[in-house]
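My notes follow in the order I looked things up.

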Amino acid sequence: MSVFSQYFGKIRAPQGGEKVYKDECVFSFDNPESETGLYVCMNTFLGFGKKHVERHFKKTGNGVFLHLRRTRREVVSEEPPPEKKPTKMAIGLEGGFQTDEKKFVFEENNSVVVLPDWKIFPLPDPELPEIVQMSVNGILKAEDAWKLEEAAALAGTWDGEKRIISKHAENLLQLDNGKKIPPSGWKCEKCDLTNNLWLNLTDGSIMCGRKFFDGSGGNNHGVEQYQVTKYPLAVKLGTITPDGADVFSYDEDDMVEDPYLAKHLAHFGINITAMQKTEKTMIELEIDLNQKVGEWDVIQEAGSKLTPMYGPGYTGMRNLGNSCYMNSVMQVVFTLPDFQQRYYNAADEIFASAPTDSTSDFTVQMAKLGHGLLSGEYSKSKDGGDENVSAPTGIRPQMFKTLIGKGHPEFSTKRQQDAQEFFLHLLSLLEKNNRGKFNPSECFKFKVEERVECSVSKKVKYTDRTDYLIGLPISMDMVTNKDAVSVWETKKKELESLKQTIDPKDIIRPKISMQTCLDAFGATESIEGFYSSAINGTCIANKTTRLLTFPDFLVVQAKKFTVGEDWVPKKLDVSLDVLQELDLSPLRGHGLQPGEEELPEAPAQQSQVQIDEATVSQLVDMGFPIEGCKKAVYHTGNSGVEPAMNWVMEHMEDPDFGMPFEVPGAKKSSSFTPNEEALAMIMSMGFNRDQATKALKATDNNVERGVEWIFSHADELEAPMDTDEQTAPGEAYRDGSGKYKLVAFISHMGTSTMVGHYVCHILKEGRWVIFNDEKVALSEHPPMDLAYLYLYRRIDN
């Protein structure tokens, strides 16, 4: 066939492990199920929607494509499928909460297409040249690239639940104390509890487990026993089956695998092959807790007849397995003019100048996502059509998720994540990829002023820093309806004891005023152990935080997550009386005021500052960065783990939490010697010596953090080094009035940011719209009181 002859040198078959993009277009969300299908280049193995094919052809000269066209048809069953109870805290994963239980069969209609004349050769065709047939067969047999990349990233943690093998399992000490455990009738050895019991695999003691946030669970006797004996492994009685059981390692502070469990249980007379499960596993308990809270129905507006929305700006995002945190954040940011201007309006220009392989190009993938969400091409009503043979509505952002999570220990997995942490991760990537260009994250940026006053001399010190959101403190001390909540808790216990269903509408949550939270944010904070250069010693200082500028869009985080008395992270299930309009003018900072006297420059910080290293070590063992732990111990006056832990929970989201600890008020030593090897590494990336030195100085000679710093502080690179400045001189900030209007919010369902589900509500054309993954609809009862992140738009006169 002469039509192929000019391309024989370009057509090839994919080699083992070579990436083949046959599920998603590089520049759009066209796929084999789209109306025009997907065209896979038979040289680069990149996939393209029809309108992007000719651009690739003109740029590369590759003119032969495998055209994939797939039609799905629903398998209609007369009997509804049995309802499956979820067995893991996951969305869209096997065993988790499912978003689409329909079953389909697929019809394939593939062909080879040759440009420039778009000549079509339907498949199969034995007359095609051998190299063409080899290429076709190789592409069809290959795993799609996203599956290979995801498998490599997850590396054994496919859904975040694969447990590690305990380091104690193989050589576990087991005491010959004659204990034999009966097959039933267990009771805690320190209280009367008969459920949530854990058998210690070293001494055979049976103790109750930890107390959960809602009051259920145990009395912490298992934990207390470990603190005395240090015997590390315990198995939950009632979960033992021939397939295994729940095993917890106190030392590793996690659920683990014990490959020798049968032998360890046999030591205490337990035959694992004869055991049956009588207790709920920890995963089942977590699911029950999440569903019992009642916020799932409220936040998703279950029970309301929601009107679906279609068209530009109303496109849903399919859940890729616990990707709802990403979906919610990206839906919100692409409603903002800055993001639309940078990526959607400029999409054609971005695509035209894109590299040949744009699958890993951040700017291209952001433009692709913006076009997918805002164009309306993937949000069309099915009215009048055959729903059984239509491609699913919404977009499947697999390529974007793979790219934005690449190299990140959390966002590369299928575990649930904190939406606030993902938002900050996105801002970091925007800074890194928009150096010297228009950066849409500027719409969030504002300058914070911190004023510290020495309580003895009354002299003050002003510093400023850049931030992108404010965190509102939330405390149960702020609750305004304590009596009503107390009555409800009594009634709830009665209903639970009678095993009656609780209607979510009847739940009375603790109510907290957002204004009270704002007042707490602006209140004076006492700092103990402050080094005052005015008195050349330590004293109590008074610190206030103000905003020197007001951004175009203000992100507000309701800090609902805390740590209970048993050290278990929990979410405060409260109802926030949300202000739909804010006036933050009273929080405006004004700098040094007439009559105020600045603290004199202090000598370089002294080495005699004492910090209780044992307390620091305990905090580090809980997973917090050592520099933040030092600050916690210092600011709580070496008063023990509990006060330090409380300080950590209040300040762990501070931008400088993990930065090197410095005595407050003390001047940094001006001497700094950069690590020459680290200098060379950063300079090899195209930065000069002064810029590399500045980055290393800001990050204590840490190369990785230095590289991140240099990309996120582009405006500071040409400024002279000044250790006392925390904000780059001349750095631009948008500013205006302190008045704001609520335009979006992101809600979280679940007991922890690491489990559950996220949805977002966005104010569009005067109406609230709910975006629940691929489902987009008019909101009837926007649950703004239960939200986690709020977005306000500045109102200028």
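This is a predicted model: local features need pLDDT of at least 70, side-chain atom pairs count only at pLDDT 80 or more; totals for chains, interfaces and linings use all residues.

**Entry 1: a pair of helices**

I started with helix 18 (residues 626-635) and helix 19 (residues 641-651), which pack at an angle of about 120 degrees with their axes 8 Å apart.

Which residues make the contact? From helix 18 I noted G628, K631, A632, V633 and H635. On the helix 19 side I found A644, W647 and V648. Sorted by class, the contact of helix 18 with helix 19 has five nonpolar, two polar and one charged residues.

**Entry 2: strand 3**

Next I went to strand 3 (residues 64-68). Is this strand buried or exposed? Five of its five residues are buried, so strand 3 is largely enclosed by the rest of the structure.

I then checked which way the side chains go. In a regular strand they alternate between the two faces of the sheet. Here V64, L66 and L68 point one way from strand 3, while F65 and H67 point the other way. All of these are buried, whichever way they point.

Then I looked for the partners of strand 3. Strand 1 (residues 38-41) pairs with strand 3 in the antiparallel sense, over four bridges. In that pairing I found L38 opposite L68 of strand 3. Strand 6 (residues 111-114) also pairs with strand 3, again antiparallel and over four bridges. There, H67 stands opposite S111 of strand 6.

In what order do they come? I read it as 9-8-10-11-12, with antiparallel pairing. Strand 9 (206-208) and strand 12 (254-256) are the edge strands, as each pairs on one side only. On average, neighbouring strands of this sheet are turned by 40 degrees against each other, direction ignored.

Strand 8 (residues 197-200) and strand 10 (residues 233-236) run antiparallel, and three bridges join them. I followed N200 across to strand 10 and found A234 as its bridge partner.

Technical notes. Residues are numbered from 1 along each chain as its sequence is written. Side-chain values use heavy atoms; hydrogens and water are left out. Two strands pair if DSSP finds at least two bridges between them. Helices (H or I, at least four residues) and strands (E, at least two) are DSSP runs, numbered from the N terminus. Axes are lines fitted to C-alpha atoms, for helices over the stretch in contact, and angles run from 0 to 180 degrees between N-to-C directions. Contact means heavy atoms within 4.5 Å. Ala, Val, Leu, Ile, Met, Phe, Trp, Tyr, Cys and Pro count as nonpolar, Asp, Glu, Lys and Arg as charged, and the others, Gly among them, as polar. Buried means under 20% relative accessible area, exposed over 50%, partly exposed in between (1.4 Å probe, protein chains only).
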